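I opened the model today to look up a few places. These are my notes.

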Amino acid sequence: MSPSSDQILVIDSNPVDRENLVSYLTGKGYFVQAASNVETAHLLALPEAPDLIFADVPSEQIPLLPFFESDKKEISLIIVSEVESAGDVVACLRGGAGDFILKPVKDFERLDSVIHKTLDQIRLSKLNKRLRSELEERNRKLREGIHELRTDQKAGLQVQLKMLPQPDKIINDFHFDHIVRPSLYLSGDFLDYFRIDDTKSLFYFADVSGHGASSAFVTVLLKNLSARLLRNLRRNSSDELSCPVKFLKRLNQELIVSDLGKHLTVFVGIVDHSDRSLTYAIGGHFPLPILSSPSGAEYLNAKGVAVGLFPDPEFERVVCPLPQDFKITVFSDGILEVLPSDTLKEKEKLLLDVVSRERGGIESLLTSVGLDDIDDLPDDIAVLTVCDKDAS
């Protein structure tokens, strides 16, 4: 910063001392105004408060100095006076003066040192104030942005909730139920179930990669696709929804074409009430779905990769009978984050054991795995169950 940008006010009743100091400071390149006393200084038409005040005034007049109590600008006061006693110096310093220089001013090297030190402190104070003001403004804008984002996310969550099927629902004599607990406002976990015809019902469970709005958008795409394919099936214009493998391949194609950079794991099943069978395919979903009955529980397995990664993936179609009092339970991988076991193998065994012995609903199941004791979920957690309506 050049000296000419610094403004100094000199207050001294002695015209010789005043003019000598003004002349010296002006010669150094400072913008200087002068007054003979405090009252005259108040009458000066100063464009703005000075950076530095040199004043020969007693300590009791310090609070009366113009701009000294201004809250708009940092001002430093240097007392230039003949010392009568050490008490006078202490009184001035206690009154708000930053330094004290003896009159008549002869030690110009000390004067320069005091000016440079004082103005450096002022500049630093100004810089800190400006940076603090900028930081506060950025924080204000950040808070506004976060508030707007949360508002949008809450609105997005309402859209997602409306897309989910009705819980605790009977379709073709099978009972369907679910629960979704997002770790954030928006969830990448999505599921649905609906009637295909008088005997068959389809259900799927998807876990989109990532979190937030982009992952939630894929769930909208999935809901839209299944609705379109169901409409096509009922119009006899396509049968992709009647076969889990065809459904996964069509979903894979839609994701590749959309170029969203997202993939998902999916389990798709069709339960047939007429012959009590389950036809399913798995698109890389983990943990594997569990089929349980009074005689035990087992993981349902099938070959298949995550959907949306490869242009022409292969999926395995599996058909299995449904035992009496069966229950199909599908978890999102978030459940593995909250299980107390250390290794993945131990977690899979624990999950299978809990599902095998738990005969209650989903809430009871989640209580059994310790979810009630966790406030902040590390990942989205969703569960879907299918069973006989009498077993629900």
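I looked up Ser 277 and found it in strand S11 (residues 277–283); a strand here is a DSSP run of E, at least two residues, numbered from the N terminus. This is a predicted model, where local features need pLDDT of at least 70, side-chain atom pairs count only at pLDDT 80 or more, and totals for chains, interfaces and linings use all residues. Residues are numbered from 1 along each chain as its sequence is written, and side-chain values use heavy atoms, with hydrogens and water left out.

Is Ser 277 buried or exposed? Ser 277 is buried, because its relative accessible area is 9%. Buried means under 20%, exposed over 50%, and partly exposed in between (1.4 Å probe, protein chains only).

Next I checked the neighbours of Ser 277. Leaving aside those within four places in sequence, Ser 277 is in contact with residues including Ile 270, Val 319 and Leu 322. Contact means heavy atoms within 4.5 Å.

Then I turned to strand S7 (residues 174–181). I noted that 6 of its 8 residues are buried, so S7 is largely enclosed by the rest of the structure.

Which strands pair with S7? Strand S6 (residues 169–171) pairs with S7 in the antiparallel sense over 3 bridges. Strand S16 (residues 381–388) also pairs with S7 in the antiparallel sense, over 8 bridges. Pairing needs at least two bridges found by DSSP.

Ile 171 stands opposite Phe 174 in S7. Phe 176 has Val 386 in S16 as its bridge partner.

Last, I viewed the turn. S6 and S7 form a hairpin with 2 residues between them. Asn 172 in that turn has a positive phi of about 50°.

How values were computed:
Helices (H or I, at least four residues) and strands (E, at least two) are DSSP runs, numbered from the N terminus.
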